[in-house]
Amino acid sequence: MGARKPNAGQRPSARQMLAKELARLREESGKSLATLGEETTYDRAYLHKLETGARVGSPEVIAALNAVYGTGGHLTMLWQLAREDAFADKYKRFMELEAKATVQYAYSVGAIHGLLQTEGYAREVFEATRPRDENDLAEEVAARLGRQDLLRREDAPHFRAVLDESVLRRKTRDPKEWVRQLEHLLEASRLPNVTLQVLPFEAGPHALLGTSVTILWLPDGRADAYTEDAHSGKLIEDPSEVEKLRLSYDLLRDLALSPRDSVAFIERLLEENKRCAPDPT
């Protein structure tokens, strides 16, 4: 599938601009796709998908193309604008709202929240959902990690994440990566705008059982929500529905460990898993 053509009078998307620029650079260089593949070590079919807009690319392939064409950070800047097109339309809408939010509350039940994942953890999550080639995997991981910049920007939102204990008991296949993930959670908990809580098994049943929820407070005072299970996600903007989720979240938070006890819980898990992880020396 080629890049979508913009309607008359419609500005091309960043994804289309990136594809057009890649095609232009190769044409001006006089290189064939086969030659470009040899110089970048990427498959010619994959490079063709980048030039048609069928794929967005990863930081690694963009860096390789920057080096071949001598474009410095030009392609990287375009890629950063285009990577949001890797998400479905409804999720892109959520990301737009997330970028504007002043407060974000989340409950994670299936996996660690995307804003708190390490690269290795994210790779295992994507690998488990469906088969994909290495290039597609690299794109999706890069897009997810790119979202994490909002927690460390100058006007970062307040972010509260309640992690179900099941999330912290389901380790990655690589013991060393699981140690890195637990360390990453503790590092995130030290950010002034981040609060982590653990919902222990002993809390019992609750209204959000089996559903991950994110609630966003926007500058105009309204709140929107996003719910997700293993197979689908739903953006909720109806005020009455969002209010129900807010109440369920408040009740859930009351069942969770305090932030201090939650950090201590994760620290204990880290020590236990450090003893189980193989010594790299």
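Me: Where does Lys20 lie?
Reply: Lys20 lies in helix 1. Helices here are DSSP runs of H or I with at least four residues, strands are runs of E with at least two, and both are numbered from the N terminus. Note that this is a predicted model: local features need pLDDT of at least 70, side-chain atom pairs count only at pLDDT 80 or more, and totals for chains, interfaces and linings use all residues. Residues are numbered from 1 along each chain as its sequence is written, and side-chain values use heavy atoms, with hydrogens and water left out.

Me: Is Lys20 buried or exposed?
Reply: Lys20 counts as exposed because its relative accessibility is 67%. The cut-offs are under 20% relative accessible area for buried, over 50% for exposed, and partly exposed in between, with a 1.4 Å probe and protein chains only.

Me: How far apart are the C-alpha atoms of Lys20 and Leu50?
Reply: They are separated by 9.2 Å, with the two residues 30 apart along the chain.

Me: Back to helix 1. At what angle do the axes of helix 1 and helix 5 cross?
Reply: Roughly 150 degrees, and the axes come within 8 Å. Helix 1 covers residues 14-29 and helix 5 covers residues 74-82. Helix 1 is therefore roughly antiparallel to helix 5. Axes are lines fitted to C-alpha atoms, for helices over the stretch in contact, and angles run from 0 to 180 degrees between N-to-C directions. Under 35 degrees counts as roughly parallel, over 145 as roughly antiparallel, 65 to 115 as roughly perpendicular, and the rest as oblique.

Me: Which residues make that contact?
Reply: On helix 1 they are Ala14, Arg15, Met17, Leu18, Glu21, Leu22 and Leu25, and on helix 5 they are His74, Leu75, Leu78, Trp79, Leu81 and Ala82. Contact means heavy atoms within 4.5 Å.

Me: How many of them are nonpolar, polar and charged?
Reply: The contact of helix 1 with helix 5 has ten nonpolar, one polar and two charged residues. Ala, Val, Leu, Ile, Met, Phe, Trp, Tyr, Cys and Pro count as nonpolar, Asp, Glu, Lys and Arg as charged, and the others, Gly among them, as polar.

Me: Which residues of helix 5 are buried?
Reply: Leu75, Leu78, Trp79 and Ala82. Seen down the axis of helix 5, these buried residues fall within an arc of 100 degrees, so they line one face of the helix. The arc is that of the directions from the helix axis to the C-beta atoms.

Me: Why would a spacing like that put residues on one side?
Reply: An α-helix has 3.6 residues a turn, so residues three or four places apart point the same way.

Me: What do the buried residues of helix 5 pack against, and what is on the face turned away?
Reply: They pack against helix 1, helix 4 (59-69) and helix 8 (134-147). The face turned away from the buried side carries the exposed residues Met77 and Leu81.

Me: Helix 4, then. At what angle does it pack with helix 2?
Reply: About 110 degrees, with the axes of helix 2 (residues 33-40) and helix 4 10 Å apart. That makes helix 2 roughly perpendicular to helix 4. Leu36, Glu39 and Thr40 in helix 2 meet Ala64, Leu65, Val68 and Tyr69 in helix 4. By class, this contact has five nonpolar, one polar and one charged residues.

Me: What does Val68 touch?
Reply: Leaving aside neighbours within four places in sequence, Val68 is in contact with Lys31, Leu36, Glu39 and Thr40. Val68 is partly exposed, with a relative accessible area of 24%.

Me: Different topic. What is the phi of Thr41?
Reply: It is near 70 degrees, a positive value in a residue other than glycine. Most residues other than glycine have a negative phi. Thr41 is in the loop between helix 2 and helix 3 (44-52), and counts as exposed at 70% relative accessibility.

Me: And how about Asp43, where is that?
Reply: Asp43 lies in the loop between helix 2 and helix 3. At 47% relative accessibility, Asp43 counts as partly exposed.

Me: Last one: how many helices and strands does the chain have?
Reply: Twelve helices and six strands. Buried residues make up 49% of its 281 residues.
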